[in-house]
Amino acid sequence: MAALFYILAALSVISALTVVGARNPVTSVIALVVCFLSIAAHYVLLNAQFLAMVHVIVYTGAIMVLFLFVIMLLNLNKPDGPRKSLAMRLAAAVAGGLLFITLAAAVRQGVQIPPAAGFDPGVGLVRSVGHVLFTEFLLPFEVSSVLFLSAIVGVVMLAKKDKDGTDQATDITEAERARRAA
Amino acid sequence: MEQGILTAIRTVPLDHYVLLSFLLFGIGAAGVALRRNTIIVLMCIELMFNSVNLLLAAFSAHHSDPRGQVFVFFIMLVAAAEVTVGLSILVMMKRIVDSVDVDQMNRLKG
Amino acid sequence: MNQDLLAALVPALPLAGAIILASLRRKLSANAAGGLATALIVGAFAASVLLFLGFDAAQGGRTVKLLDWVRLAGMDIPLALRIDALSLTMMFIVTGVGALIHLYSIGYMHADERAATFFAQLNLFTFAMLLLVMGSNFLVTFIGWEGVGLCSYLLIGFWYRTPEYNYAARKAFVMNRIGDVGMVLAMVLLFQRFGTLEYDAIMDRASGVNDPLMVAATLFLFLGATGKSAQIPLFTWLPDAMAGPTPVSALIHAATMVTAGIFLTVRSSALFELAPFTQDIILWVGTATALLAASIGLFQNDIKKVLAYSTVSQLGYMFVALGLGSYSAAMFHVTTHAFFKALLFLGAGSVIHALGGEQDIRRMGGLKAPVRTTYITFLIGTIAIAGLPLMSGFFSKDLIMAFAFQRSPVLFALLLAGALMTAFYMFRLLFLVFHGSYRGKAHPHESPLTMTVPLMVLSVLSVAGGLLNLPHLFGGHEAMKHFLETAAEGIRYESLELSAMTEIVLMALTTVLVGVVIYIAHGRFAVKATLEGDEAAMPFLKRLVARRWRVDELYRALFERPFGWLSTNLHAIAENRVVAPLVRGVGDAALRVGETVRGLQTGNAGFHLLAMLCGLILLLTFTLMGG
């Protein structure tokens, strides 16, 4: 069974690299979907069934569809325009790699992970997670609905147009817009 | 199958989950710095969220503590909200400056 | 009325006047401003009288706490007023004489365009002076002390368009400041020793203490007193302070502010009693000042300068009394001096007013007829200060001289010499101004009633002031001494133990000699008006005295020049070459660093994230290396 983990891990990493590296945004989105699905598989391996389901529904089902929708809406499904300078890209790659190395070194050296006492395989089941969520974390759960509400209001505000056709979120004139587009 | 899954938890050391999650986090971070397309940047941020989620879930499973997974749940909530707002900003940006290039959004330049 | 309220009202009225006049100074006419200012001071005087009537001397003093002021651990200094015999006496002088001078100023300043400002500053001065004399602790007194110094500066330089007047104002301020340092040091020492600044608490705790600290503290207090009261070595500012309008000279530089040093010494008499060394110093400084100033007064040609040196000299007498431990005699002389010196200054002001600003007595003379009221009142003032029998100055000065005789005949002889010089220069002034024939060009005219009424009131007081402390010899019972003694519990004021015969002989001797001096003066100045010629033609000693013993030149050479040299060089080297480049360098460096670092703020989100990542990496690495 351990082999399955490593296969899935490799899949996650490769798809993640594809997300970052692909020139076409649609390729990136598809790679990200693959990556998310592999992570969902990891959740299953961890016996976190509830998380796996929610993850597939929220990320793959909702968020990624939203991404695709936006790409379609904005007509982005063609290879990217200008890229960053080589130095910048190199620096970013090196920084990301270094971050991984330092974090790994930190775990290797500093973090001692104590063995689980009284292992309970059923911890990730819907019943146990749901129990904790609706007892201990009831208030944050309810408050998160307020977060959603404000997100909805914010999005509506951003997307709304004024009566005269100008965008409410900005005071940029048509001339300015034309200049920037040029 | 149940038995097999349990052995996966037991046979794969926690360290490897940690390393996997760090790797994904590093790739995501590099991607944010690397790409100019805002939509890719947003996706990389999602990737970073997920690496943290994976880490939390792994620790939660290894410690038999469901609270870690509840935390992942909340992160998903926030990520969903963040994505909606982020994408709507993206749409606005495309509409105003006719570009999705993050480097165009440099009004904060000091 | 409530006594506490009355006590608060006394300083509050002049303060209110100062605030109102200062804010309305552009709208009020000179007469309206003067009327308001005078009315408020009269109100303060009335409040003082009511306070006095409700005051029971037998109970001693009492403290009226207005509000908490400085309240820290181990330090509790309230804003409080002390009502006792001493502060009441000073309140009478300040508000009484002050009211008359305010009234006089209405006439004197009526043509000045900044009259309202003048009255605002005069009222502010009165407030500060009242705070000084009424404060129940050193700190409140110190506030008043600084306040009168400030007002003195403002009023000396009131006609600020003349540069010399500004110089005089600055000189007064700096000299006073030297004294203030002494007072601050004394306060610090006393607080450190006794843990409080309240007068009565310090005097209580000080009794019986005998250590060098008391000597140091009293010496510092005395340094403060020499600054305010123009004693050696800090006396040179007072003659220059005559640059201010004449009512200012009368109010500040004759009747009230310069007596602050005497007041302070009397207030802390319990401390001075514990330091005989300081008392001796006071005695000799007072004697030296009295003689030095009197000798300079002999040759001055400016009517106000003569009076100024006379003031310094008389203050010297008061300090002699303090040094002898006869505080009541000093206060008595303060009171009578306030009467006759205010009278003389106001009379001089009236003469100056009559001659349209002329101050040089060589261009006066024969004014007896044109300014009759002024002449008569000035004559009374001159007689009073010269100490002719039964005038106020006679009693107060003879009291001090009797005390001096009790200490040592030599001291008496010195003071007698001073008194004779006083009689000489005062009558020289009188004769040169009012007798003989007129030597000037302006057309003299008598001053308005607002100016002559204060003169008349003050001449009555100058004559009758002696009754306040009439000695046993003349059938009195030294009322003022007994009154003042209630203010200082446990302090035995020195009393006179000379036989009646000795006293009479001393008085007779003084009177006869003064009479002889007046006769000589009459011959020299009234009959033929001998004027001082060119200073260069004088014999050496006379020239030295006429040039004020060259004290100003000495100070200039000793302090001003080296200080100026030091300042110039410090400015050239330390400031221009070290401090300024350093300061500018810090500014430039900050600017340059800012310009450089500003480039990092690209506004590019990716770049900022990259920077953050680098920071994170470094931080982690650092932690790993360190841990």
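## Contact between chains C and A

Nine residues of chain C are in contact with 11 residues of chain A, where contact requires that the C-beta atoms of two residues, placed from the backbone, lie within 7 Å. On the side of chain C that touches chain A, seven residues are nonpolar, two are polar and none is charged. In this classification Ala, Val, Leu, Ile, Met, Phe, Trp, Tyr, Cys and Pro count as nonpolar, Asp, Glu, Lys and Arg as charged, and the others, Gly among them, as polar.

## Model and confidence

This is a predicted model, in which local features need pLDDT of at least 70, side-chain atom pairs count only at pLDDT 80 or more, and totals for chains, interfaces and linings use all residues. Residues are numbered from 1 along each chain as its sequence is written, while chains are lettered from A and ligands numbered from 1 in the order in which they are written.

The predictor's confidence in each residue, from 0 to 100, is called pLDDT. Chain A has a mean pLDDT of 82, and 80% of its residues reach 70 or more. Within chain A, confidence is highest in helix α2 (residues 25–45), at 92, and lowest in helix α7 (residues 174–181), at a mean of 61. Helices (H or I, at least four residues) are DSSP runs, numbered from the N terminus.

## Helices α2 and α4 of chain C

Helix α2 (residues 30–53) of chain C packs against helix α4 (residues 115–134) of chain C at an angle of about 10°, with the axes 8 Å apart. Axes are lines fitted to C-alpha atoms, for helices over the stretch in contact, and angles run from 0 to 180 degrees between N-to-C directions. α2(C) and α4(C) are therefore roughly parallel, a term for angles under 35 degrees.

Residues making this contact include C:A33 and C:L40 of α2(C), and C:F119 and C:L122 of α4(C). By class, the contact of α2(C) with α4(C) has nine nonpolar, three polar and no charged residues.

## Helices α10 and α15 of chain C

Helix α10 (residues 246–255) of chain C and helix α15 (residues 327–354) of chain C pack at about 160°, with their axes 9 Å apart. α10(C) and α15(C) are therefore roughly antiparallel, as angles over 145 degrees are called. The contact of α10(C) with α15(C) has 10 nonpolar, three polar and one charged residues.

## Residue C:H472

C:H472 is found in the loop between α19 (449–464) and α20 (479–485) of chain C. This residue counts as exposed (12 or fewer other C-beta atoms within 10 Å of its own), because C:H472 has 11 C-beta neighbours inside 10 Å.

Definitions and conventions. Helices (H or I, at least four residues) and strands (E, at least two) are DSSP runs, numbered from the N terminus. A residue is buried if 20 or more other C-beta atoms lie within 10 Å of its own, exposed if 12 or fewer, and partly exposed in between; C-beta atoms are placed from the backbone. Angles under 35 degrees count as roughly parallel, over 145 as roughly antiparallel, 65 to 115 as roughly perpendicular and the rest as oblique.
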